[in-house]
Amino acid sequence: MEQKFMEAAFKKAEDNVALGGGPFGAAIVKNGQVIALGNNRVTLTNDPTAHAEVTAIREACKTLNTFDLSGCEIYTSCEPCPMCLSAIYWARIEKIYYGNTKTDAKNIGFDDSFIYDEIEKSPADRAIPAVRFMPEEAIKAFKLWEGKGDKTRY
């Protein structure tokens, strides 16, 4: 692990606070080179999904022209939230280095523990209830996908 990559993530976080954004930054590295940097842009862009890790993943995918970031590592100023952790897995990033913990984040007002709790509940029992609706129609797209011979798996 390289200290300079983590320092790049910390700098993005610190610079972002000065810009009025959240205190989070991330760097994605492949073959010893930073290929993307990201910062938390939630309040700056009114996008609740614009966390540092997600913005870095988006930039890395553009840079490498792929949705598969195998061979990459992410250095992030804080332990990833559930959404970012999922995005890291979907992107196939191979290792996560983080500075602050989710408890550190909770202590300054960024508490994701309720999401972890919600995941364990059945969809109907969550704070935002989910109701299955029109499954017979919904399955049609899945069947089309399943039978498609030239699909790009991801």
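Trainee: Is Asp 15 buried, partly exposed or exposed?
Mentor: Asp 15 counts as partly exposed, at 35% relative accessibility. Keep in mind that this is a predicted model.

Trainee: Which residue does Asp 15 form a salt bridge with?
Mentor: Its partner is Lys 11, and the closest N and O atoms are 2.9 Å apart. Lys 11 is partly exposed, with a relative accessible area of 48%.

Trainee: And where do Lys 11 and Asp 15 sit in relation to each other?
Mentor: Both belong to helix α1, which covers residues 3-19. They are 4 residues apart there, so about one helical turn separates them.

Trainee: Switching topic: how many salt bridges does a search of the whole structure find?
Mentor: The search finds 5. One of them joins Asp 47 and Arg 58, with 3.6 Å between the closest N and O atoms. That pair links distant parts of the chain, 11 residues apart: Asp 47 is in the loop between α2 (42-45) and α3 (52-64), while Arg 58 is in helix α3.

Trainee: What are the relative accessible areas of Asp 47 and Arg 58?
Mentor: Asp 47 has 23% and Arg 58 has 38%. Asp 47 is partly exposed, and Arg 58 is partly exposed too.

Trainee: What about Glu 118, buried or exposed?
Mentor: Glu 118 counts as buried, because its relative accessibility is 15% and the cut-off for buried is under 20%. Its side chain meets that of Lys 121 in a salt bridge, 2.9 Å from N to O. Lys 121 itself is partly exposed, at 36%.

How values were computed:
Residues are numbered from 1 along each chain as its sequence is written. This is a predicted model: local features need pLDDT of at least 70, side-chain atom pairs count only at pLDDT 80 or more; totals for chains, interfaces and linings use all residues. Side-chain values use heavy atoms; hydrogens and water are left out. A salt bridge is a side-chain nitrogen of Lys or Arg within 4 Å of a carboxyl oxygen of Asp or Glu. Helices (H or I, at least four residues) and strands (E, at least two) are DSSP runs, numbered from the N terminus. Buried means under 20% relative accessible area, exposed over 50%, partly exposed in between (1.4 Å probe, protein chains only).
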